Amino acid sequence: KIFQALVSCIGSDGTIYVIPKSFETALNKLMAEIQNTFKGLGLLIPYCWKKGEACVVRGSDTVWYRAKIVEVSSSTLQVQYIDRGYIESIPQCHLYPTTFYTGIPPFCIPCQLHKTLPIGNFWQQDAVDYLQELLKNEEVEIHVEELPDNPWGKLSISLYFGGMSLSSFMAYQKYCVAEDCPDMQKLEVLEGDVLPSYLPQPLPVPGETFPVTVTHVVSPKEVYVCLDSSGNLKKCSATERAASRDSESLNKALKWCNKIVKTLPHLTNFKKELPCLAEYVDGLWYRAKLLSITQLVPVMILVQFVDYGTYLVAPTSRLRHIPCHLLKYPAQAVRVLLAGFRPASHDKNVERIPYSPEWSLKALWTMVDCVEGKHLSASIVTVSPDVTILLYGDDKTLVHLKLVEMGLAQLDE
């Protein structure tokens, strides 16, 4: 069985506690019921607690949770939140004994990685900390490999995050030995003299209208677009549906890479067009390619983010080798030229775009206003020598008409 789940906790022994996504509605309903039943403080009178006893716990967030007593001491009790998995020491005044809800099984499932042996036969503390950092509160895909002999035992699973096998990754990092490592090759970084490139994005046929978003504006005439299938997928073409699936898988894979980026080596090869991962100003890492060295001391590199079209000059500390499996996804941004207009011969604005002086800066900012954050559509006029499109606004009119109206462009014959 395969199911999506949320990782709620990593136990001190490396147990992975997951809540199946299909349980979320029932768990939320139960939590609401518990909050309505228990209000105020816990039990304030003396009570003789027993190990294994059912109770409800008032957490640090003032929310009541189902729990059971794991260990009894004089001033505090060690409890396990049975729907989350984690264990905590709690003062007795924050607990309340109850037999309510004991007929409902725990919503979280304790799991262990299938045929995976930790180094030293138990998960070391640094490995547990790393699992916690990687997985807590993340949505993952669970493949059930083996049921436990004891109903309260651990489910033996393969866990996938961003399309990557957790067992393969932990074995690659030398935290364990895994019998089966199907994704070990995915973790190899791009090295050597062979210079692969990103795959081009498949485009709809010329004349077909399709939704797009503009991710970067170079000039009023030159922009980068992504196929946009965020609307009704049923109405989308096969090309757009494939692009949507690729985009979703890529986002998951990049999320995983951002988690493990410190394990990826820094870039030492600076060949033009070399694929890499680059850190953007938001602190996240994205797919990029090298364009040129702009400064030697210190070394600064001009890169382009291939899924957006945007550029960045970055130090080498913000460039890392890219895992090979990220190259299987096409570059999401496509460079296009816009058809139907050209610079106005009578545009008297003196401030010009330095790299494209035929256009005024006012024309550039007007085009940015026309496309930024808008639901646009396009149709391809030609694909050679450059992909050229007609771009329509959310009101279905050509976006360049605004520039023509303002005297910043003129219609092309």
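Me: Helices (H or I, at least four residues) and strands (E, at least two) are DSSP runs, numbered from the N terminus. What share of residues 48–105 is helix, and what share is strand?

Reply: This is a predicted model: local features need pLDDT of at least 70, side-chain atom pairs count only at pLDDT 80 or more, and totals for chains, interfaces and linings use all residues. Residues are numbered from 1 along each chain as its sequence is written, and side-chain values use heavy atoms, with hydrogens and water left out. Residues 48–105 are 0% helix and 48% strand. The end C-alpha atoms of this span lie 25 Å apart.

Me: What makes residues 48–105 a named span?

Reply: A record does. The unreviewed UniProt entry carries the annotation "domain: Tudor" for residues 48–105 and 269–329. UniProt positions are given in the numbering used here, feature names are shortened, and annotations may be inferred rather than shown by experiment. Residues 269–329 come out at 0% helix and 48% strand, with end C-alpha atoms 22 Å apart.

Me: How do you know that β3 and β4 pair?

Reply: Count the bridges. Two strands pair if DSSP finds at least two bridges between them. Strand β3 (residues 54–58) and strand β4 (residues 64–72) are joined by 5 bridges, so they pair, and they run antiparallel. Alanine 54 faces lysine 68 of β4.

Me: Why are β6 and β7 called edge strands?

Reply: They belong to an open sheet of 5 strands, ordered β6-β5-β4-β3-β7, with antiparallel pairing. β6 (87–91) and β7 (95–97) each pair on one side only. Neighbouring strands of this sheet are turned by 45° against each other on average, direction ignored.

Me: How do you know that helix α1 lies across β3 and β4, and at what angle to β4?

Reply: Two definitions apply. Contact means heavy atoms within 4.5 Å. Axes are lines fitted to C-alpha atoms, for helices over the stretch in contact, and angles run from 0 to 180 degrees between N-to-C directions. By these terms, helix α1 (residues 24–37) lies across β3 and β4 and runs at about 80° to β4.

Me: Which pairs join β17 to other strands?

Reply: Strand β16 (residues 275–279) meets strand β17 (residues 285–295) through 5 antiparallel bridges. Proline 275 stands opposite lysine 289 there. The hairpin has 5 residues between its strands, and glycine 283 takes a positive phi near 85°. β17 also pairs with strand β18 (residues 300–305), antiparallel, over 6 bridges.

Me: Why is tyrosine 130 called buried?

Reply: Buried means under 20% relative accessible area, exposed over 50%, partly exposed in between (1.4 Å probe, protein chains only). Tyrosine 130 has 12%, so it counts as buried. Phenylalanine 169, at 0%, is buried too.

Me: What makes the pair of tyrosine 130 and phenylalanine 169 tilted?

Reply: Rings of Phe, Tyr and Trp (its six-membered ring) pair if their centres lie within 6.5 Å; planes under 30 degrees apart count as stacked, over 60 as edge-to-face and the rest as tilted. The whole structure has 17 aromatic pairs. In the pair of tyrosine 130 and phenylalanine 169, the centres are 5.9 Å apart and the planes 40° apart, so this pair is tilted. Tyrosine 130 sits in helix α2 (residues 125–135) and phenylalanine 169 in helix α3 (residues 166–172), so the pair ties together parts 39 residues apart in sequence.

Me: How do you know that lysine 221 sits over the ring of phenylalanine 341?

Reply: A charge sits over a ring if NZ of Lys or CZ of Arg is within 6 Å of the ring centre and within 35 degrees of the ring normal. The charged end of lysine 221 meets this, at 4.8 Å from the ring centre of phenylalanine 341.

Me: Is serine 219 buried or exposed, and what does it touch?

Reply: Its relative accessible area is 4%, so serine 219 is buried. It lies in the loop between β14 (209–217) and β15 (222–227). Leaving aside residues up to four places away in sequence, serine 219 touches Ile353, Ser356, Trp359 and Leu364. Leu364 is one of the buried residues of helix α5 (residues 361–371).

Me: What makes the pairing in the closed barrel mixed?

Reply: The barrel has 5 strands, running β14-β15-β21-β26-β25. Strand β21 (residues 334–338) and strand β26 (residues 388–392) pair in the parallel sense over 2 bridges. β25 and β26 pair in the antiparallel sense over 5 bridges.
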